[in-house]
Amino acid sequence: IKSKGVYDNKPEEKKVIEDREVKENLNAAMAQIKLKGWQAAIKHCDAALKLDSGNEKGFWRKAKAQCEWGRYKESLATLRELLERHPDHEEGIKLLKRTEEAQRRATVKEKKIAAKMFSESFQDRRSGGGWLDRLRIFMLVNVVLVLLSAVSNFVGNTLGESTRSSLASAVYSIPMVGPIIQTQVDEVFALERQKNQ
């Protein structure tokens, strides 16, 4: 009805309908949060905020869903906007602190995993590891690329072929990784040629 312009000349009635839509979206967002449907909760909050751009519950529930989904940067941005508009929002202040801490922990964890992953692989290379060790590094990098693509597809942000190629180029251009991968590929093909001769 609203999309057909029925209430365009009746602002009071249009406001009542928009208020009802905001409430429905906020209730749906809360239900999705309880069901751990983070992406759907964020969509409902966005729909509510589109109709009422200053809605306190819309910002709060969106930030909570983003935080729980692990989207800490987005959650922090939403929380800052909430606290800019509603500086006394106690739950927002608590969630801001909790989200900042969660982001710090996630960053530390990611750095440890990456350092461990690459230090073990590069140590194998420096210690004269065979072609199998170098092939393992090559496969590891490609698994990371596949995982990035899968995650991107999961959140609905599909990587195109050019983006995938750009990611591969970026990984291959990292100092030490590119030459190691190229050396691995060359050695694997050389070994295959020797086997076939």
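1. Angles under 35 degrees count as roughly parallel, over 145 as roughly antiparallel, 65 to 115 as roughly perpendicular and the rest as oblique. In this predicted model, local features need pLDDT of at least 70 and side-chain atom pairs pLDDT 80 or more, while totals for chains, interfaces and linings use all residues. Residues are numbered from 1 along each chain as its sequence is written, and side-chain values use heavy atoms, with hydrogens and water left out.

2. The axes (lines fitted to C-alpha atoms over the stretch in contact, with angles from 0 to 180 degrees between N-to-C directions) of helix α1 (residues 11-34) and helix α3 (residues 56-68) come within 10 Å and cross at roughly 20°. The two helices, α1 and α3, are therefore roughly parallel to each other.

3. Where they meet, with contact meaning heavy atoms within 4.5 Å, α1 contributes Leu26, Asn27, Met30 and Ile33, and α3 contributes Lys57, Gly58, Arg61, Lys64 and Ala65. By class, the residues of this contact divide into four nonpolar, two polar and three charged, where Asp, Glu, Lys and Arg count as charged and Gly is among the polar residues.

4. The second largest pocket (an open set of points on a 1 Å grid, for a 1.4 Å probe, with protein on both sides within 12 Å along at least five of seven lines; lining residues have an atom within 4 Å of a point) holds about 340 Å³ of space. Its lining consists of Trp69, Gly70, Arg71, Tyr72, Lys73, Glu74, Gln103, Ala106, Thr107 and Glu110.

5. The largest share of that pocket's lining, four residues, comes from α5, and the lining has three nonpolar, three polar and four charged residues.

Technical notes
Grid points are joined across faces, edges and corners, and a volume is the space filled by probe spheres set on the points.
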